Amino acid sequence: MSCEEWKKLPSKKNEKEELSDEDLALNQRVELYVEKVHDPDPSVQKHALESLREELRTSTDSMNSVPKLLKFLHPHNGTLKAYLETMGNSDLKKLLADILSVLALTMSVEGEGESLKYRLLGSESDIGSWGYEYVRNLAGEIAQEYMKRQSEEAPVDDLMRLVQQIVAFHMKHNAEPEAVDLLMEVEDLDLLVEHGDSTNFKRTCLYLTSSARYLPAPDNMLALDIAYTIYLKHGEFSNALRIAQSLDNMQYTKQIFKSCEDLLQKKQFCYMLARHGMTFELDEEMVVDDDDREALQDIINNTKLSEGYLILARDIEVEEAKSPEDIYKAQLLAGLAGAGASVDSARQNLADTFVNAFLNAAFCQDKLMTVQSESSSGGSSGNWIFKNKEHGKTSAAASLGMILLWDIDAGLAQIDKYFHSNDNHVIAGALLGVGIVNCGIKSDCDPALALLADYVDKEDSSIRIGAILGLGLAYAGAQNEQVNVVDALSRLSHDTDSEVAMAAIMSLGLIGAGTNNARIAGLLRNLSSYYYGDASLLFFVRIAQGLVHLGKGLLTLNPYHSERFLLSPTALAGIITLLHACLDMKAIILGKYHYVLYFLVLAMQVYPQFKHLVSLFNVTFFPRGS
């Protein structure tokens, strides 16, 4: 029964007349204890208070009904509270305060926090000896008092000592959620690390990770961070890695590899990283043996993914290629066979191309693109490609990359012949296919970059698009500094389409904002000479030059901060506002609304490496309290 229900005590004038003999004896003992509490002899007082304390502890063990002892003490509550005020500081006063703290469960007015008030005046005895309901009620009052003191900037040391006892009690009695909730209220989740043990840490972390989804930032990240620390402390490395991946924290990932000594577990970590798509390089500290390190790195890089996938297909007997007709099952649509005659054949072939690609993805064989022709030793994929029109050829050629997904060696060998086609749409599809084949696979030789880089600045727009998209697919999430960005933007800044050139120039300014980057600055100087006669493009070159030298190199537009732990929504809003305006540069930036450029002020912040100088200035010239 909750303390709210305990407080709804029935009032009966003739209750004493209705008591049983046992209850009547209890009531008489209570009246005797209260009488002796007022006795001038300290020894008599002590005996009465100790006896009353033991009676209370016994009665509050059960939660099924309102303890009768509390009912009988109800008329004496005011008397005991008044007598406490007359007592000097002594152990007897603390003992009485403990008793009044328990009585406040049923007798205090909600919101007054009397249970906490008397507990702070009482002894430091075991808080759990009064039962779960008392501890739970006390935790609620502590949370309210903590908020009040925080607003008043008052000390909370006495509250935190109680919090320590309550958390210890909850963690020992399978009430981990209550412990977590209390620590969230008092902003001290770190205590969970101290009180977690082998019997409760899994439930604690489960509650932390579950509640993190509903907490506002940065509380959600803090909850995950504490869960990571607890998992790592107790050797639950795989769960710790899941948290590290959620936090996108590479340092935590490295720490897990260094803390774990089991090679099989490290192999499991590598599969988890590969599944998550994280780019991660092992070093000698994480894996000492060279051969082991190479094998584990291959797992992270998904080097054997195609091989394993094909083994799975063979084991469950689904390796045989299927055609789109095998899943259309048009023969089952009685009376509708002739309806297909009215469907545009080029559109139908394009649909078949995508269906075939999705159906046979990563199986390395199909019945349209890789099947061997009966009339020649070469493949018949070229025949299918040319059953499509113009841009349809691009998707048809790129579908070969989907069929040969993850098999870099065989995939690139089969796609290579289309680089020599006389049809630019086919070449564009081949470039996109290279990106698809390499998607999710990391290779030291970077074949995608080697094949696609030279096509990014081709005159034909379809070829450029194929190369750019191919690089994007091949290196998504790879954080490869060698890859579509300064070089690509430099090429696009000379595009014949003025809007493309404007976007590229603006992008150069944004990615280099506040860096004083010599290379980008040089490119922009050359562009100012190149576009000297075009006022509109020269305007964007000047804007980009201003951004690169933002704050003379002391300011940044990066919305991430605190080691990329936090993302500023305000900064992001400023950047997105400008990017949205750039969707129609001629009407907005070059029109009457060029002042939207000032929205970038929302993202302008001092670079982290200069923050300590700003802090030193504030401390020196604006000390606290001035």
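**Close-up 1. Glycine 196 sits in the loop between α11 (191-195) and α12 (201-212).** Helices are DSSP runs of H or I with at least four residues, strands are runs of E with at least two, and both are numbered from the N terminus. The model shown is predicted, so local features need pLDDT of at least 70 and side-chain atom pairs count only at pLDDT 80 or more, while totals for chains, interfaces and linings use all residues. Residues are numbered from 1 along each chain as its sequence is written, and side-chain values use heavy atoms, with hydrogens and water left out. Glycine 196 counts as buried because its relative accessibility is 10%; buried means under 20% relative accessible area, exposed over 50%, and partly exposed in between (1.4 Å probe, protein chains only). Glycine 196 and isoleucine 230 are 34 residues apart in sequence, and their C-alpha atoms are 7.3 Å apart in space.

**Close-up 2. Alanine 217 and proline 218 are joined by a cis peptide bond.** Omega of this bond is about 0 degrees. Proline 218 lies in the loop between α12 and α13 (219-233).

**Close-up 3. Glutamate 153 has a positive phi although it is not a glycine.** The value is about 55 degrees. Glutamate 153 is in the loop between α8 (132-152) and α9 (157-172). This residue counts as exposed because its relative accessibility is 71%.

**Close-up 4. Alanine 362, a residue other than glycine, also has a positive phi.** Its phi is near 70 degrees. Alanine 362 belongs to the loop between α20 (345-359) and α21 (381-385). At 1% relative accessibility, alanine 362 counts as buried.

**Close-up 5. Glu281, Asp289, Asp291, Glu294 and Asp444 form a patch of negative charge on the surface.** A patch is made of residues with over 30% relative accessible area and no salt bridge, and like charges are joined within 9 Å. A salt bridge is a side-chain nitrogen of Lys or Arg within 4 Å of a carboxyl oxygen of Asp or Glu. Glutamate 281 is located in the loop between α16 (263-276) and α17 (290-300). With 53% relative accessibility, glutamate 281 counts as exposed.

**Close-up 6. Cysteine 270 is buried, and cysteine 445 is exposed.** The relative accessible area is 0% for cysteine 270 and 59% for cysteine 445. A disulfide is a pair of cysteine sulfur atoms within 2.5 Å. By this rule, the count of disulfides is 0.

Conventions: Patch = residues over 30% accessible without salt bridge, like charges linked within 9 Å, V, L, I, M, F, W, Y side chains within 5 Å. Areas by Shrake-Rupley, 256 points an atom, 1.4 Å probe, with all protein chains shown as cover. Lys, Arg positive; Asp, Glu negative; His and termini not counted. Charge placed at Lys NZ, Arg CZ, Asp CG, Glu CD.
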